[in-house]
Amino acid sequence: MNLEELEALKSESLEAVKAAADAAALEAVRVKYLGRSGTVTAVMKSLKDVPPAERPAFGKAANALRQAVEAAIAERQAALASEETASGPAFDYTMPGRWSESGSLHPLSMVVKEVARIFSRIGFTVADGPDIETKFNNFTALNTAPHHPSMDQSDTLWITDDLLLRTQTSPVQIRAMLARKPPVRIICPGRTYRRDTMDATHSANFHQIEGLYVDTKPVSLADLKATLAYFAREMMGEGIGVRFRPHFFPFTEPSVEVDFTCHVCGGKGCRVCKQSGWIEVAGAGMVDPRVYRHVGYDPEKVWGYAFGFGVERIAMIKYGVPDIRYFYENDLRFLKQFR
Ligand code: DAH
């Protein structure tokens, strides 16, 4: 190899370094010229065969070649590295975005929140009670006769002779009245349990929202009706009808069942409302004097009403859910519809 060829090799190798598009290509160039059997390495090895007279000049040129290629590679390496950090790692903008899902409230939680908001605007606060209740709070203080069928093993999940999974949120009324003097104006959302077999409208674990208003001034059935009519309009929209039907509950006298106009037919009568035009949503009534006595209130000096809604029932009406089991199956196709 003569000096001219050396010069040619230099421009060829420097071109190759410049053309290397990424780290892998640059490494290939390095191996080609500076590797153990690389072209530049071969030139260095051939130095000993150069005639002694030419050796100094050739050696100098060969060294310059090697240093130039090494320097060019180092420079290109640095350039490639800074290109990568400037634009982040190589990124394909046509790739679909990384997909992340955010959770949302369960429809039953949405109903509870909405009910609490509506009642809070007319002075009700949220009270709480445990799922495991005493027989006294769940039955006795609520004036349930000692051998009432609701206390039967076949309806109530008993834990001991005195403890049970509450069958209703009504025991929170007792807790609230035992804890404070009237006026008491509370709602209480919570889980309730019964020994029911699951079907489209029954579940062994469901939710209720209890309401209680007791005051030291006269409170009447008309107040109860006005309150529930207000609630119905706020929850279901204008145009909803509310009706009371006489009923019996041990803890209220008089007692009523509360119906809303059927959401499906608007009151004309259909399969969902069994042609009646009405859907039952709550039990209610004026608090029975015997309940007041159990909590140490003087029945001659207090007046009040109570009501208990089924949360699932309201959710089914409001959102048009045909089967109560959907609420518990955690099927995302169902739950995502409430985002
Ligand atoms: N606890 C009753 C039930 O589970 C519902 C109920 C009826 C609650 C009348 C009340 C009430 O507060 O006054 O069927």
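These legends walk you through several close-up views of a predicted model. Residue numbers start from 1 along each chain as its sequence is written, and side-chain values use heavy atoms, with hydrogens and water left out. In this predicted model, local features need pLDDT of at least 70 and side-chain atom pairs count only at pLDDT 80 or more, while totals for chains, interfaces and linings use all residues.

View 1. Of the 15 residues around the ligand, Gln168, Ser170, Arg194, Gln208 and Glu210 come nearest; a residue belongs here if one of its heavy atoms lies within 4 Å of the ligand. By class, the shell has 8 polar, 5 nonpolar and 2 charged residues. Here Ala, Val, Leu, Ile, Met, Phe, Trp, Tyr, Cys and Pro count as nonpolar, Asp, Glu, Lys and Arg as charged, and the others, Gly among them, as polar. At least two shell residues come from each of strands S5 (205-215), S8 (278-287) and S9 (303-310). Strands (E, at least two residues) and helices (H or I, at least four) are DSSP runs, numbered from the N terminus.

View 2. Look for pairs of N or O atoms within 3.5 Å, which is how a polar contact is defined. The side chain of Gln208 places an N or O atom 2.9 Å from an oxygen atom of the ligand. For the side chain of Gln173, the distance to a ligand oxygen is 3.0 Å. Ala306 takes part through a backbone N or O atom, 3.2 Å from an oxygen atom of the ligand. On its own the ligand has 360 Å² of accessible area, and the protein covers 90% of that (Shrake-Rupley method, 1.4 Å probe).

View 3. Lys18 and Glu15 join their side chains in a salt bridge, 3.9 Å from N to O. The term stands for a side-chain nitrogen of Lys or Arg within 4 Å of a carboxyl oxygen of Asp or Glu. Because they are 3 residues apart in helix H1 (residues 3-19), Lys18 and Glu15 are separated by about one helical turn. The whole structure holds 17 salt bridges.

**View 4. Backbone details to spot.** From Pro182 to Pro183 the peptide bond is cis, with omega near 5°. Pro183 sits in the loop between helix H7 (171-179) and strand S4 (184-193). Another cis peptide bond runs from Glu253 to Pro254, with omega near -5°, and Pro254 is in strand S7 (residues 252-261). Finally, find Lys274 in the loop between S7 and S8: Lys274 is not a glycine, yet has a positive phi of about 50°.

Conventions
Polar contact = N/O pair within 3.5 Å; in protein donor to acceptor, adjacent residues only side chain to side chain.
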